[in-house]
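Morning, everyone. Let me put the model up, and then we'll go through its contacts.

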Amino acid sequence: MKEVRLHGRGGQGAVTSAELVATAGIDEGKYAQAFPSFGPERRGAPVTAFVRMSDTPIRTREKVYRPDIVVVLDSALPSLVKVSEGLHEDGIVILNTSMKESEVREKFGLDSKLAMVDANTIAREVLGLPITNTTMLGALLKATGIVGTEAMEDALDRRFGRLSEKNKAAMRRAFEETTVTG
Amino acid sequence: MAKRVGIEVSIALAEAVKLANVDVIPAYPITPQTHIVEHLSEVVANGELDAEFVLVESEHGAMSCCCGSSAAGARTFTSSSAQGLLLMSEILFIPGPMRFPIVMAVVNRALSAPISIWNDHQDIMSQRDIGWIQTFADTGQEAFDLMLHAFRVAEDRRVSLPMIVNIDGFTLSHVVEAVELLSQEEVDQYLPPFKPRYRLDPRKPITMGPVGIPEIYSEAKVAHNEALKASKKVILQGWKEFADLFGRQYNPIETYRSEDAEVLLVTMGSISETAMTAIDTMRDKGQKAGLVKIRLWRPFPGPEFRKAAGKAKILAVVDRCLAPGAICGPVGAELRSLFYKVPGAPKIFNFIAGLGGRDVTVGRFEEMVDKALVFAKKRPKELYEVIGVREK
């Protein structure tokens with residue numbers, strides 16, 4: 001079983017991303033859960049959402065304490081929140097950043113495996129909005145293969161209807177541009 | 001054909017209500033609410049479900065409207081939670097003796113004060129004696145299936161009683177997971193149209209709900225209680241036919257690795273899933289622990305519980321409700337009564353866990369089993385312990 005924690009800010013779509021990953025996995029025949037960090041949510045405040053993905057039925061409703069994968073939608077969040085909290089030894093942090101790896105490691109104190117993509121630029125150029133949740137799905141897929149691109153695109157189609165083309169394009173471009181290191 | 005989808009549990013439950021083709025949905029959920037009636041209001045507005053969505057002024061009004069609608073012979077559904085359920089309370093005692101087969105989803109949450117929107121069972125336990133049939137779902141699939149079962153059982157003329165399906169707030173209601181949604185044809189095979197024996201009809205006037213003078217009140221209350229107890233037969237039949245059609249068998253009491261267990265955890269609701277993982281962990285360490293899950297809470301399936309748990313030495317009973325000033329929690333008290341003076345009965349210890357959204361982890365279940373083993377050797381002063389409370 002893989003456990004994923006997504007960090008975002010209220011309104012950035014972290015919960016939507018978690019739901020999209022889970023439904024894509026379920027469409028592939030896997031078992032999955034997606035859930036928000038339950039509580040009063042406020043636009044702009046740091047929020048988390050979670051995904052569990054497994055080939056066998058998932059028999060737990062605990063919170064996620066030891067994620068295998070951490071996805072950070074907002075480039076400024078790692079300065080405010082310890083995004084690697086509880087991360088598994090061989091876990092990966094997937095960041096939206098325009099910085100170099102060495103800068104990221106030094107500034108945020110990250111020593112795990114990293115995947116990085118400049119999702120702000122991609123989202124602005126492709127979607128015309130700095131909303132990075134669907135863009136960062138491309139980085140997640142590239143870095144972990146947690147679900148296939150086809151299932152993910154189907155999930156985007158269902159969720160966004162006529163807006164899905166742009167979101168799929170942003171996701172594909174992030175998939176191409178994501179670098180995985182260490 | 002049934003279709004397996006990733007769906008939020010609240011929405012899956014609402015889809016079951018839609019497939020049940022309800023006639024009337026009175027609702028005005030106060031905070032905290034869920035997506036259940038929100039989704040139903042959408043499907044009614046979109047014309048996907050031909051029903052009256054009655055936007056009432058409060059939950060008290062919602063349940064009052066449910067009574068009127070059910071009395072008129074309409075298939076009636078509503079949903080509530082926490083403070084909203086309490087706002088209904090005055091009316092909740094009415095449909096039982098009136099034999100109105102209203103079906104309600106209760107999304108279980110804590111009660112204020114302090115203000116909380118998170119999950120536990122204090123709301124439903126405060127309404128324990130309203131005289132409705134009550135089941136608990138552990139998963140999204142169960143929430144969907146039990147909803148259809150509820151309409152089928154409640155409206156059966158041998159039963160004709162209101163029924164609640166309980167699902168845990170947030171930890172179940174807000175989770176997206178895999179649920180196999182049955183098709184309309186499949187649901188129609190299982191759930192016949194509602195044909196009440198009596199209904200309010202100006203062309204054929206009858207009286208419903210006159211005053212119960214002392215000469216008749218006891219008889220009316222006993223008649224309701226007898227009907228509730230007798231409903232078990234139909235509840236079981238409803239589950240058997242569900243299994244025959246769709247392959248998923250439900251039982252009033254479910255067990256997991258319980259056969260040779262020395263200690264049995266007893267749970268109700270979605271923490272049962274985590275408890276199963278805890279049992280696997282403990283079994284791997286050589287500890288003889290097992291699990292008994294209560295699915296049917298009212299009428300309480302005493303004989304089934306005794307059969308499932310009677311051979312164990314120790315029961316670690318988990319309550320999600322603190323009953324202030326009581327001897328122990330409501331589930332703990334029920335089981336103590338059940339086994340009182342039964343020769344060779346298990347020792348019963350009661351743990352209150354997961355109040356107001358506190359996470360009940362695998363580690364917490366292991367802690368309860370370990371404590372129950374210690375208590376079996378040295379009887380504790382109190383009959384219950386609230387798990388994981390910080391004292392500083």
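Some ground rules. This is a predicted model, where local features need pLDDT of at least 70, side-chain atom pairs count only at pLDDT 80 or more, and totals for chains, interfaces and linings use all residues. Residues are numbered from 1 along each chain as its sequence is written, while chains are lettered from A and ligands numbered from 1 in the order in which they are written.

So, chain A against chain B. The contact takes 17 residues from chain A and 20 residues from chain B; residues are in contact if their C-beta atoms, placed from the backbone, lie within 7 Å. Helix H1 (14-27) and strand S2 (31-36) of chain A each supply at least two residues to that side. Helices (H or I, at least four residues) and strands (E, at least two) are DSSP runs, numbered from the N terminus. S2(A) gives the most, six residues.

What does S2(A) pair with in chain B? Strand S8 (residues 176-181), antiparallel, through two bridges. Pairing needs at least two DSSP bridges between the strands. A:Gln33 stands opposite B:Glu177 in S8(B).

An automatic or database assignment sets domain bounds. Chain B has domain 1 (3-246) and domain 2 (253-386). Their centres, taken over C-alpha atoms, are 28 Å apart. Domain 1 of chain B puts 27 residues into the contact, and domain 2 of chain B puts in 20 residues. On the domain 1 side, H9(B) has the largest share, with five residues.

How values were computed
Contact = placed C-beta atoms within 7 Å.
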